[in-house]
Amino acid sequence: MNVKNRTLFIADNLDILRGINSDCIDLIYLDPPFNSKKQYKAPIGSPAEGASFKDIWTDEDIKYEWHGEIAEHNAELYQIIQASEAVYDKSMKIYLMAMAVRLFEMKRILKPTGSIYLHCDPTASHYLKMVMDALFGKRNFRNEIVWCYGGRGMSKTRFNRKHDIVLFYGKTQNTFFSAEGASRPVAAEHVGRYNKVDDQGRKYARVKNRDGTYSDIYLSNVVREDWWEVPFVRGKERTGWPTQKPLALLERIIKASSNEGDVVLDPFCGCATACVAAEQLQRQWIGIDISPSAEVITKIRLDDASEQGKLMGPALTEVYVQTDPPLRTDILDTVSQMHLPKAHIHKHALYGEQEGKCAGCYYFLPFRNMTIDHIVPKAKGGTDAKENLQLLCNACNSTKSTRSQSEFIAILREQGIRTDDNPLGTENRLKYR
């Protein structure tokens, strides 16, 4: 592990995630933006005063390289993301792409026994479910947890929207899960049913099965299937952070999917609910948030927990605040670009700029079916600069051969493949002598 316990990074979480060693995190909980198309701001006078973030997604929030990275490593996922634009709108495609490149890294850094809980709402939960299925595999899906929270009022056109979704996945089939940790106290009115005691003093109930046999169910192992009883943040727990989640919710997740001493990571930690819950349950933790306000609120909440005697372990020591990504100390699984043509480093970005379409025929193709082409051949003075490169399908690359760009386009137009329309918006860049 190349990051200290109780480290809080104030930075873009993608940069931080890429710097964390592989296979070293036991549990990831993330409460990312939901693509709600809203601007959030903490109220003046609250502990979180000054915190603000936008949940509005535009082209400025992604890089062209991400298209190629996703398409190269998981072609099916890229198709899912592309389809979301047609079903929903472009903002959903941009949002899912920004999430996907981060989820790639989260999967890498999870231990084989690790778990990930993705908190979202119905705006994007079904789209994120497909992204998670494509990344982690449908066989590693564990639960769709529905957390309902109360509220007054009633819409005249629909039922009130009063629940969030938490998608629970394992990295492998060997995911750690504690039934005891996941259990909740049985309601007082039901305790009486557990009226038998074994030789170890444990209470249990004997239940008759449909086939006439009997099973013994122990009081300590009862796992409540619902999450309805976890209330929304209230009282002194409120910090003013716009999207704060209750400690009780995080405590249940952490108890179910980690042991004492395990490492819990929250890459969108905000007001540090996951970090505080991990500290109280004697887990190690790492938090990441892009807002500088996260540092202030994290320290306030941990100090409050310490003063109230809620920390089960040794007294809290220093929180390590960093802005630079950690340096990986494991073996990097990368291919040295020294052995690749210089032009190859631009392939991911070109794939994004061309939206996965061939610059000749405009057909959408998988990343591996694209070939880098020098618009002006190197033999005629062309360079490896990105401005002199395009991606072509095999058929178009064969048609172009050693021809000039103008000759190549003329042939495509004669064949009816190319018209004067240019849906890629790259015509000016591709006009070379």
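## Ground rules

Axes here are lines fitted to C-alpha atoms, for helices over the stretch in contact, and angles run from 0 to 180 degrees between N-to-C directions. Helices (H or I, at least four residues) and strands (E, at least two) are DSSP runs, numbered from the N terminus.

This is a predicted model, where local features need pLDDT of at least 70 and side-chain atom pairs count only at pLDDT 80 or more, while totals for chains, interfaces and linings use all residues. Residues are numbered from 1 along each chain as its sequence is written, and side-chain values use heavy atoms, with hydrogens and water left out.

## H3 against H5

Helix H3 (residues 75-87) packs with helix H5 (residues 125-136) at about 170°, their axes 9 Å apart. The two are therefore roughly antiparallel (an angle over 145 degrees).

On the H3 side, Leu-77, Ile-80, Ser-84 and Val-87 meet Tyr-127, Met-130, Val-131, Ala-134 and Leu-135 of H5 (contact means heavy atoms within 4.5 Å).

## The sheet

Eight strands make an open, mixed sheet, ordered E6-E7-E5-E2-E11-E12-E1-E13 (strands pair if DSSP finds at least two bridges between them). At the edges sit E6 (141-148) and E13 (320-322), each pairing on one side only. On average, neighbouring strands are turned by 15° against each other, direction ignored.

Strand E2 (residues 25-30) runs parallel to E11 (residues 263-266), and two bridges join them. Ile-28 stands opposite Leu-265 in E11.

## Helices on the sheet

Helix H9 (residues 273-280) packs on the sheet and touches E2, E11 and E12 (284-289), its direction making about 170° with that of E12. Helix H4 (residues 90-109) lies across E2, E5 (110-120) and E11, running at about 150° to E5.

Note on methods: Parallel < 35°, antiparallel > 145°, perpendicular 65-115°, else oblique.
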